[in-house]
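Hi,

Here is the structure I promised to send over. Have a look at it first, and then read on for what I found in it.

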Amino acid sequence: MSVLITGARPYGEDAVDVLIEDGRIAALTPAAGGNDRPEADEVIDGAGLVLLPGLVDLHVHLREPGREDAETVATGSAAAALGGFTAVFAMPNTDPAADTAGVVEQVWRLGRETGLVDVQPIGAVTVGREGTRLAELGAMADSAAHVRVFSDDGFCVADPALMRRALEYVKAFDGVIAQHAEEPRLTVGAQLNEGAVSGRLGLTGWPGVAEEAIIARDVLLAGHVGSRLHVCHVSTAGSVDILRAAKAAGLPVTAEVTPHHLLLTDDLAESYDPVFKVNPPLRTAADVAALRAGLAEGVLDCVATDHAPHAAEDKETEWAVALPGMLGLQTALSVVIETMVRSGSLDWRGVAERMSGAPARIGGLSGHGRPIAVGEPANLVVVDPSAEWMVEPSRLASRSRNTPFAGRRLPGVVVATLLRGTITARNGQVGPGFGPLATSAVAKSPEVGAGAVALR
Amino acid sequence: MSRVDAPAAPARSPARADHRASPSVVDRASADVAIPGEPQVPPAGTGIASAASATAGPLGRHLLSAGDLNRSAAVELLDTAEQLDRALAGREVKKLPTLRGRTVVNLFYEDSTRTRTSFELAAKRLSADVVTFSAKGSSVSKGESLKDTALTLEAMGADAVVVRHSYSGAAVRLTNWVRGSVVNAGDGTHEHPTQALLDAFTIRRRLRAGQGNLDGLRVTIVGDVLHSRVARSNALLLTTLGAEVHFVAPPTLLPAGIETWPVTVGYDLDAALPDADVVMMLRVQHERMSGGFFPSAREYSRRYGLDARRVGLLPEPAIVMHPGPMNRGMEIAAEVADDPHRSTIVEQVSNGVSVRMAVLYLLLGGADL
């Protein structure tokens with residue numbers, strides 16, 4: 001099986017023809033006219049399009065096992081492929097929690113069977129994500145799932161002694177602890193960023209200091225024990241300042257920011273529509289500006305979606321009882337183009353680093369986040385940067401509909417995604433030849449992505 | 001606060017009701033008052049269809065926040081309450097036929113004898129059919145979602161839903177699922193607009209002879225502002241009506257972003273009293289007393305309670321208000337609560353029925369009196 005991408009611009013630079021054979025980039029040549037091109041089984045017209053390494057998402061919730069009514073590995077994989085991703089890291093807050101080798105292997109195997117993206121499970125730090133004793137981290141590391149990232153995401157590893165031990169312990173297999181930074185005593189009953197909006201709406205505030213205090217503590221712990229710390233979904237200007245200082249001091253910390261925190265602000269809660277409820281909460285415009293600056297600067301290493309599907313009955317409720325979380329996989333690249341590329345804060349090489357190279361390195365995925373070069377695995381995404389599309393929840397591949405971007409026009413349409421040379425998504429459709437799980441996922445929404453194509 | 005500075009002006013009907021002869025006009029107790037309202041008189045018993053037409057008038061379609069009212073709408077509502085009050089005064093049968101055939105549902109997820117009874121009386125005095133769902137003993141206590149309950153009420157044809165709920169924003173959410181008017185009767189720690197209206201009505205009667213606005217009056221609101229829907233709604237409404245609102249509270253019981261509110265804030269009650277025209281004491285919920293917001297009930301009472309000595313600091317005409325229910329001896333001394341000269345606490349209750357009648361009347365476009 002060979003694929004030829006004609007005339008696409010790697011990182012937005014000079015147009016090339018890309019020949020892919022046996023899952024790898026076989027040749028990169030300056031874009032040639034019709035007859036001079038090599039033969040291939042499949043040709044993708046990349047004229048005018050940008051070619052990037054396949055995107056890597058360090059933070060998704062695929063809900064399987066336990067909440068298959070909200071998402072499955074198959075439907076989440078379809079959303080990922082359509083969003084330009086070739087690898088996703090699945091958080092362990094499933095039911096049962098992914099705190100044993102058995103559960104992480106199940107998730108990993110489901111990902112392999114679907115085959116649309118590499119699904120890399122994240123293991124829970126503590127048994128049942130209860131924050132009291134370490135899960136069998138080594139067994140998960142040694143399993144077929146080869147777990148290297150551990151997190152109790154959704155909950156903070158709040159006990160400082162337990163966090164210290166977790167950081168130390170994973171050094172044995174070059175693991176990393178991905179911390180959901182939220183001091184629980186400061187966020188009892190918290191519903192929304194603590195500030196003018198929460199005060200006015202009468203919703204219990206989630207103060208930024210609850211995030212910042214944990215990040216400050218954890219960067220010191222990581223430095224003390226010489227372990228890698230990764231900070232999930234950084235949401236405040238104060239957190240960016242602490243991370244900047246920590247990195248300047250040489251502490252071994254990396255951090256991610258979500259697309260929604262790069263674009264949306266807490267005043268959206270005025271509607272009390274829980275589609276805007278997320279944890280950590282949407283913050284202020286000043287925080288958004290600081291997060292964008294931090295991402296441009298590299299204080300924030302990567303973008304991660306925190307893709308969090310929820311069934312309708314968990315969102316069509318009063319704000320206080322709704323589950324927090326937002327869909328993100330199919331809108332992430334577009335939001336980054338909107339917030340970072342159009343403003344000139346990131347060029348396409350910057351996008352490739354923040355959405356592919358850095359997350360692959362942090363998560364220890366050697367086959368992803370590679371440069372576009374001969375001999376590298378053909379994990380690629382072809383993007384039309386000038387096309388715009390309207391986000392329509394019913395047309396997304398996820399089983400859930402809780403996108404906060406419904407009705408927004410966003411720039412950037414994924415034309416094709418390739419995983420080791422196989423086309424996993426093309427023109428808004430999941431690629432041909434995928435297994436029954438993926439087929440059924442797509443059959444649920446036969447017009448997946450069609451809105452995007454129609455607007456091109 | 002933007003919601004005070006630029007409230008959305010409710011759409012006004014081009015054809016005002018003031019000079020319209022209504023077929024359902026009955027013996028008017030006070031012939032010189034004309035009640036403005038929705039010009040169209042819906043036929044009785046049309047349920048949803050009639051509610052859907054009730055979109056004009058000073059209130060718009062719903063009453064969710066005191067910020068929904070601009071100054072003229074607020075004054076008009078208070079005037080309407082006065083007129084309804086006068087229309088009922090001296091009548092042997094305390095009933096007006098104006099909402100005959102309309103259905104008002106009281107949906108109470110929180111116990112609230114005072115507010116529930118007040119809304120029931122208001123609707124009944126306007127001859128509406130009233131149904132009350134209390135959380136206890138109905139499907140809402142069996143885990144039915146707010147949405148499903150709303151769809152049920154919708155199917156039954158409620159013209160107005162009066163909702164009391166322990167979660168902020170519940171009334172706003174309800175508007176997504178019912179076509180009738182929604183009246184917020186208190187949502188969590190967010191708002192309680194009809195309480196603010198009855199407070200404004202009471203202040204206006206006591207200090208402005210029941211007319212006009214509240215320009216220049218200084219209202220000092222004392223206590224747990226953080227968790228108080230009464231404080232939020234009063235801050236919005238009283239400033240809209242021209243009053244200056246001053247909050248006095250321990251710093252732990254002030255909400256984040258209070259500096260963006262159209263109020264002034266202090267921590268010293270004694271200092272605030274000499275130039276207050278109105279002092280309004282907020283209830284301290286029992287669960288806050290053990291919540292670590294202040295050291296003890298005794299210390300709270302000493303620093304923020306209104307006793308006879310502090311009442312002595314008030315200027316002569318100043319009044320003392322409390323939304324109830326009171327913790328006597330905690331935020332207010334019994335002798336202050338029962339002071340017939342200063343205390344308006346009992347009047348507030350009876351005024352509550354009047355303003356709630358006005359709210360239902362204006363929302364549902366009742367027939368002329």
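Predicted model: local features only at pLDDT ≥ 70, side-chain atom pairs only at ≥ 80, totals over all residues.

Let's start with strand β1 of chain A, residues 2-10. Eight of its nine residues are buried, so the strand is mostly covered, going by the cut-off of 20 or more other C-beta atoms within 10 Å. β1(A) has several pairing partners. With strand β2 (residues 16-21) of chain A, β1(A) pairs in the antiparallel sense, over five bridges. A:Ile5 has A:Val18 in β2(A) as its bridge partner. These two strands form a hairpin with five residues between them, and there A:Tyr11 takes a positive phi near 55°.

The other pairings of β1(A) that I noted are parallel. Strand β4 (residues 42-45) of chain A runs parallel to β1(A) and is joined to it by four bridges; here A:Leu4 has A:Val43 as its bridge partner. Strand β5 (residues 50-53) of chain A is also parallel to β1(A), with two bridges between them, and in β5(A) it is A:Val50 that stands opposite A:Arg9.

Is A:Glu353 buried or exposed? It counts as buried, because it has 20 C-beta neighbours inside 10 Å. A:Glu353 sits in helix α11 (residues 348-363) of chain A. Its C-alpha atom is 11 Å from that of A:His368, which lies 15 residues away along the chain. A:Ala286, in helix α9 (residues 285-297) of chain A, counts as exposed because it has 12 C-beta neighbours inside 10 Å. A:Ala286 and A:Thr236 are 50 residues apart along the chain, with their C-alpha atoms separated by 8.6 Å.

On to where the chains meet. The contact takes 18 residues from chain A and 19 from chain B. On the chain B side, α5 (146-156), α6 (170-174) and α8 (229-240) each supply at least two residues. The most comes from α6(B), with three residues. By class, the chain B side divides into seven nonpolar, eight polar and four charged residues.

Chain B also has an open sheet of five strands, paired in parallel, in the order β7-β6-β5-β8-β9. At the edges are β7 (264-266) and β9 (319-321) of chain B, each pairing on one side only. From one strand to the next, the twist averages 20°. Three bridges link strand β6 (residues 244-248) of chain B to β7(B) in the parallel sense, and B:Thr264 in β7(B) stands opposite B:His246. Helix α8(B) packs on this sheet, where it touches β5 (218-222), β6 and β8 (278-281) of chain B, and its direction makes about 155° with that of β6(B).

Last, a helix pair in chain B. How do α3(B) and α7(B) pack? Helix α3 (residues 71-88) of chain B meets helix α7 (residues 193-208) of chain B at an angle of about 70°, with the axes 10 Å apart. That angle makes α3(B) roughly perpendicular to α7(B). From α3(B), the residues in contact are B:Leu77, B:Leu78 and B:Ala81; from α7(B), they are B:Leu197, B:Ala200, B:Phe201 and B:Arg204. By class, that contact has six nonpolar residues, one charged and no polar.

Cheers

Technical notes:
Residues numbered from 1 in each chain as written. Chains lettered and ligands numbered in written order. Axes fitted to C-alpha atoms, helices over the stretch in contact; angles between N-to-C directions. Parallel < 35°, antiparallel > 145°, perpendicular 65-115°, else oblique. Contact = placed C-beta atoms within 7 Å. Nonpolar A, V, L, I, M, F, W, Y, C, P; charged D, E, K, R; others polar. Pairing = 2+ DSSP bridges.
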